[in-house]
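Thanks for asking me to look this one over.

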Amino acid sequence: MLVEQGMVDGDRMAITGGSAGGYTTLCALTFRTTFAAGCSLYGIGDLEILASDTHKFESRYLDTLVGPWPEAKAIYDERSPVNHVEKFSAPISLVFLTPNISSNSALMGLSRGVTGSSIAVRPAREPPRVGRSLALPPP
């Protein structure tokens, strides 16, 4: 809508988000071609890992958003960016906390193959650095 109105340059749009917003960023760059780049801060790349290995407070959170686990495993697989790395189309900056590295190893490998991508791994005790803008150079 903003592109059609001439308010943004559709060839230079970027997306960024943290945690669930990082998942949205990963999905947008995996399943769509809308954005030229993105930054996922602590994003969730694999819904199966989130469903099977999370704290008690959110242990059944995805049941209403995705489907009951493990009965809806096919939907979890379908909606997890790590299972579709071949569809990834734009440079991305990935920021992870050290305990989450193994669950996002496929995304890390993917980003190394996409020109312009970067990876930052932060110690779990370090607070997230959210709020910085991602600016793309002019074409």
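**Notes on the fold and its contacts**

1. Let me begin with the overall layout. The protein has five helices and four strands. Please keep in mind that this is a predicted model. Starting at the N terminus, the order of the elements is β-α-β-α-α-α-β-α-β.

2. Of the 139 residues in the protein, 34% are buried. If you take the contacts between residues at least 6 apart in sequence, 59% of them join residues at least 24 apart.

3. Which strand pairs with β1, and in what sense? The partner is β2 (residues 37-41), and the two strands run parallel, with five bridges between them. To find your way across the pair, look for T16, which stands opposite C39 in β2. Together with α1, these strands form a β-α-β unit that is right-handed.

4. Now for the helix of that unit. Helix α1 covers residues 20-31, twelve residues in total. From its first C-alpha to its last it reaches 16 Å, close to the 16 Å expected at 1.5 Å a residue. Its buried residues are G22, Y23, T25, L26, C27, A28, L29 and T30.

5. The salt bridges deserve a careful look. The structure holds two of them, and they link E48, K73 and D77 in a network. In the bridge between E48 and K73, the closest N and O atoms are 3.2 Å apart. That pair links distant parts of the chain, since E48 lies in helix α2 (residues 47-52) and K73 in helix α4 (residues 73-78), 25 residues apart.

6. The other bridge joins D77 to K73, with 2.8 Å between the closest N and O atoms. Because D77 and K73 are four residues apart in helix α4, about one helical turn separates them. As a reminder, an α-helix has 3.6 residues a turn, so residues three or four places apart point the same way.

7. K73, at 35%, is partly exposed, and D77 is partly exposed at 25%.

8. The relative accessibility of A72 is 9%, which is under the 20% cut-off, so A72 counts as buried. A72 and E48 are 24 residues apart along the chain, and their C-alpha atoms are separated by 9.9 Å.

9. Last, the aromatic residues. How many aromatic pairs does a search of the whole structure find? The search finds one. The ring centres of W69 and Y76 are 5.0 Å apart and the planes meet at 65°, which is over the 60 degrees cut-off, so the pair is edge-to-face. Both W69 and Y76 are buried.

Methods: Residues are numbered from 1 along each chain as its sequence is written. This is a predicted model: local features need pLDDT of at least 70, side-chain atom pairs count only at pLDDT 80 or more; totals for chains, interfaces and linings use all residues. Side-chain values use heavy atoms; hydrogens and water are left out. Rings of Phe, Tyr and Trp (its six-membered ring) pair if their centres lie within 6.5 Å; planes under 30 degrees apart count as stacked, over 60 as edge-to-face and the rest as tilted. Buried means under 20% relative accessible area, exposed over 50%, partly exposed in between (1.4 Å probe, protein chains only). The expected span of a helix is 1.5 Å times one less than its number of residues. A salt bridge is a side-chain nitrogen of Lys or Arg within 4 Å of a carboxyl oxygen of Asp or Glu. Two strands pair if DSSP finds at least two bridges between them. A crossover is right-handed if, with the strands pointing away from the viewer, the path from the first strand over the helix to the second runs clockwise. Contact means heavy atoms within 4.5 Å.
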